[in-house]
Structures are given as C-alpha cells and as structure tokens.
Amino acid sequence: MTYKEALDFINTASTPGSVYGLERIRALLNALGNPQGRLKFIHIAGTNGKGSVSRMLACVLTAAGYRVGSFNSPCLVSPCEYLSVSEPQDTTKGSSSSGYTSVSSFGCIESDDPITVNFNPVPATEEEFSQEAERVMEATLDLLAAPLNKDSERSKFFSVNNVNPSIFSTDTVTVLRPTTFEYYTAMAIDYFARRECDFAIMECGLGGMDDSTNVIPSPEVAVITRIGLDHTELLGDTLSGIAAAKAGIIKEGCSVVAYPSDKEAMDVIKETCKKKGCHISVVDPGKLRIVKEGVLEGDTVTYDGSEELSLSLLGSHQALNAAVVIEVVRALNDRIQNEPALKQGAFSTSAESPVYPSKYNNLHVINNEALRSGLAGTVWPARLMLMSKEPPVILDGAHNPQCMSVLCESLARIASKSPSTLDISNNSVVSGDSGKTNNTITNVVKEFSDISVIDRSSCSANNRFIIITGVMSDKDYKDMYRQLAPFAAKVYAVRPDNPRSLDPEEIVRIFEGYGIPASVSDSVTEAVELAKAEVANGPGADVPRPLVGVVVTGSLYMMKPLLTK
C-alpha cells in the first residue's frame, strides 16, 4: 500500500464527522490483537493546554531514557504526526519524512542555536504510516466480512434502524464504519505497541468519556488540563458538564493530576476521583514562582521546591503547564517506587480497568536532569512559536476565547519589553527578577471574562502588531477578535484549509468595525511576506508605526504552509 492509497482508504472507508461511542474502536483494536494491553498510558483531557503538557511530558520522559509514543491532534503538516515516537538516542534536528522545517530548541525556525539532542516526538515516515494503515485496513475488512449477528464483533460496525436490537439483517442495518479519528487512534495505539514504547501519551480529541482515545485501559496517570467553554454544542454549555466529559478518562487504579480550573469544574473532577478511588494532585499556583520572565524566550520557574527550570515554550501560561508536568512526573515516580504496594493490592484491579504491577519491573525513576533537559528542549510548533526574530513573527493556533486571552497576555508582555504588564489582581507584586512572587501566576489561573483586565497601555498607537488570522465558523470568533483588536495595527484575513472555516470577508468586517484596516489575503504565506515587509520597511499611512511584529493566529488549520519546506 502506498501513502496515497493509505490516505484514500482512511478518507473513503470512514464514517464522516464525529460519532460518539467506543464500540467501533474496541472492535477494531480487538481485530488487531488488543495492542492497548501492551502499553502504559498517560491520558490527557482538557480544553486548553493538552498539547503543551503532552509535548513537555514526552520530552521529559525521553530525556529520562524512555521510548515514548505521542498522539496529538489535529495534525499540522501530515497525518504521519499521529504516529509520533521519541527515542532517547535521537539526535536529529527534526523529521524530514513529513516535510517539516527544522526547528531550534526554542521553537524558532531561523536560529543559530540548533538542537544537539532532540527529545521531541518524530512522526512516522510515509512508509511506516502506510504499513500501519494496511494493517488497520485488513482488520476492518475482516470485521466487515464476518458473520452478522448480535454478538459478533462485526455488529459493532452497524447501527440498528428502529428495530429490536436483537434482530440483525441487511435490510434493517446501516454500515457505520470507524471515523477518520478512530482509524488514526487505532493506528497510533498499534504502532506504539509494535514500536515497544515504554509510555504512550494520548491526547483526547474531543471531550474524554466518549472520545475514541478512552478505549485504553486504566492509564498510569489521567491528566486534566485547564477547562473552559468550548465545543458547547457537543459537550454542553456549563463548566460542570464539560468537566464531567473530561473526567470520563479517570479510571480505577490510575493517578490523577489536574490543572487548577474553576471551582465548578474542580468539584466534578474531585468527586469523580472519589468515586473511582483515585488519588488526585491539583497544581497549587501558590507554589509556583517565575524567577525570570522571558519576552521572546521562555520563562525560568520553580515549583514546590524544585530547582530552577528553564522553559523553551513561550508565554507565562506555560509555567502552570510545566507545573502540571512536574506533578505527573512525581505521580509516575510514586508508582514506580511503590511497586511492592501495587503487588499487595493497594490499588484497585477491577476487570474493567486492570493494573498490572509487573509492568513496573523495568522502569526507573525520572530524575531532575531529565526534567530540566526535557522542559528546556521542548518544541511545540504553532503554539506561541517564534517563527523568526527579525522581524518577530509569532505563530499561535489560539482558537477559542480562553486561548486568545493567553495569547493577548503574551502580546502585552512582548509589546512592553518589560515584565509584569498585566494588572488583574490587588496583590502587591513585583517582577520575577526581584525574587518575589509574580502576579502572572494569578493571571493565568483567572478565567478572563472581560478583556479590560489586560493592561493594553503598552499597545499604544506606536507598538502594535500586524495580525494574520482565519478561524472556524463554529468558534466564538467575535469574542476572540474583541480581545485581539487592541493589539492590531492592521489585519490580513485568510481562509484556513477546512470546510468549517469562516468567510474572511466577515473577519474584515469585524476588525473594520473596530477602526482597524483589514483586507483579505489569498494565502497565509502571501500575508506573512507582506506583513514582514511592512514591519521592516514601514506600512502605509493608515497604519501607525513602528510595529512590534507579525502574529498569525485563529486556527491551527492555517499553519501548514508556514511549517513546511
């Protein structure tokens, strides 16, 4: 099977859209020999921060000497990204198999500081992807060819149309094949098992309880990142309802680590842990200190007695994400060190989500050096990524109001060129360089309900950004752009490569309503080149100058042309 044939199969033999339920993915994995039973998982759900936590954690575990599989979505350049593995001895600068541009340790494409040891996940080659797709195709065809009765695995691929569920015939059923995402999930799990990964990090695609990644057995650690309102048409319009969906990944026998979200969400998560008998560790912002604030580089932080840790990922919000990673590492180390207690039955071993103590036999504790190296070397494309420094071009896939508030916080910091640019607390605070607690920790935790809390005094008429943006039509884009508008000197609107994308003319109307010059660009690459020239040479008379730089944001679906060669 060629790579094109593999993609054609996945795209044509799948059920369109999102279809809840784990029956199809369970049947498919069963046909593949249940590879999920051969892996140790870390499962991550949440509204924001899943990818950053996943990526940092993968790098830390790899720096500790483990082979790690990473499943993240959506892909940016190629579906090969769904099958990503990081090897301890990997010293490459990146993956050429999926057409990536090489990146430095600080996520900057144009840099003189290349990675010497790369701990980041590397996508499968097209050949490896095709081989895995062929295995899944054969398993699918075997299931569809099997006898059809109410007890067969084949029945999981069918939906019954208004008849008694015990009755099956070709006249009363409709084929319901796996969705594209379910195919990618099955391929990733099988690929990670065949690569004999020590850990597999699975990021939920949507929700948690009914997400296809929840087919896995009890993970070592279930991680819940920041929870906010997103995908409300599917998950509900309350934080408690969304939290319940995310908490669906918590299973008996696992450890739980949670980002400090709103109390309404945290109450649901803690109650779920209580019912499942799981210990939960919630990140404590009071134990997190920013020692040095970065502008076009990451912060240096300490958390709960840790040594100073330099983060490669930009933005003050990454400090709390790093704290989540530290708590996950501690939870893993506790499980590894307490293997005798596991053997004595200290953890639940229900049939639904078993814990196999023997799987800890060959594991070792994750030390401080691995934590330091992994956090310093993490690259996460298109998440506050510095594409170039002269002039600054920042890529960020902020796609909901919560993400946009975090991006705006970082833009305020960059525009001011000085720390502590936000003021949403009455606390007495000073910058991290003074050695006292920095208020940005409170800022990150707070759910922004009003953009007036962000101090935009630094974004005067003389230091704004040229914004290049596109967005999905089902997002709360009006609130997103309401937050972004004070930072915009000029806007180029583009259409992301997705059928759900918003008409760029609507984006133009929104920003023109704020009195900001805006126009439609045929492509994101064209817009970037125009914007860079304007920053370097000066914009037209209708745009104030000097300009700080260029920001590309609104959707991850528009980043591919900027990340490929």
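**Notes on the fold and packing of this predicted model**

1. Let me start with the contacts: of those in the protein between residues at least 6 apart in sequence, 73% join residues at least 24 apart. Contact here means heavy atoms within 4.5 Å. Bear in mind that this is a predicted model, where local features need pLDDT of at least 70, side-chain atom pairs count only at pLDDT 80 or more, and totals for chains, interfaces and linings use all residues. Residues are numbered from 1 along each chain as its sequence is written, and side-chain values use heavy atoms, with hydrogens and water left out.

2. Next, the overall tally. The protein has 17 helices and 19 strands; helices (H or I, at least four residues) and strands (E, at least two) are DSSP runs, numbered from the N terminus. Of the 565 residues, 59% are buried, with buried meaning under 20% relative accessible area, exposed over 50%, and partly exposed in between (1.4 Å probe, protein chains only). The accessible surface comes to about 21900 Å², and 48% of it belongs to carbon and sulfur atoms. Those areas come from the Shrake-Rupley method with a 1.4 Å probe, and for residues only the protein chains shown count as cover.

3. Axes are lines fitted to C-alpha atoms, for helices over the stretch in contact, and angles run from 0 to 180 degrees between N-to-C directions.

4. Strand 19 deserves a look of its own. Strand 15 (residues 392-396) runs parallel to strand 19 (residues 549-553) and is joined to it by 4 bridges. Val393 has Val550 as its bridge partner there, and Ile394 stands opposite Val551. Strand 16 also runs parallel to strand 19, with 5 bridges between them, and Ile467 has Val551 as its bridge partner.

5. How much of strand 19 is buried? 5 of its 5 residues are, so strand 19 is largely enclosed by the rest of the structure. In a regular strand the side chains alternate between the two faces of the sheet. Here both faces are covered: Gly549, Val551 and Thr553 are buried on one side, and Val550 and Val552 on the other.

6. The 3-stranded sheet is open and antiparallel, in the order 11-12-13. Strand 11 (288-292) and strand 13 (309-310) are its edges, each with a single partner strand, so one side of each is left without a neighbour in the sheet. Strand 11 and strand 12 (residues 300-303) pair over 4 bridges, and Ile290 has Val301 in strand 12 as its bridge partner. Helix 9 (residues 317-337) packs on this sheet and touches strand 11, strand 12 and strand 13, its direction making about 45 degrees with that of strand 12.

7. On to the aromatics. The whole structure has 9 aromatic pairs: rings of Phe, Tyr and Trp (its six-membered ring) pair if their centres lie within 6.5 Å, and planes under 30 degrees apart count as stacked, over 60 as edge-to-face and the rest as tilted. Tyr481 and Phe511 make a tilted pair, 4.9 Å centre to centre with 55 degrees between the planes. Tyr481 lies in helix 14 (residues 477-484) and Phe511 in helix 15 (residues 504-513), so the pair ties together parts that are 30 residues apart in sequence. Tyr481 is buried at 0% relative accessibility, and Phe511 is buried with a relative accessible area of 0%. Elsewhere, ring pairs link Tyr3, Phe71, Tyr82, Phe129, Phe181 and Tyr184 into a cluster.

8. Finally, charges over rings (NZ of Lys or CZ of Arg within 6 Å of the ring centre and within 35 degrees of the ring normal). The charged end of Arg383 sits over the ring of Trp380, 3.8 Å from its centre. For Lys40 over the ring of Phe199, the distance to the centre is 5.9 Å.

How values were computed: Pairing = 2+ DSSP bridges.
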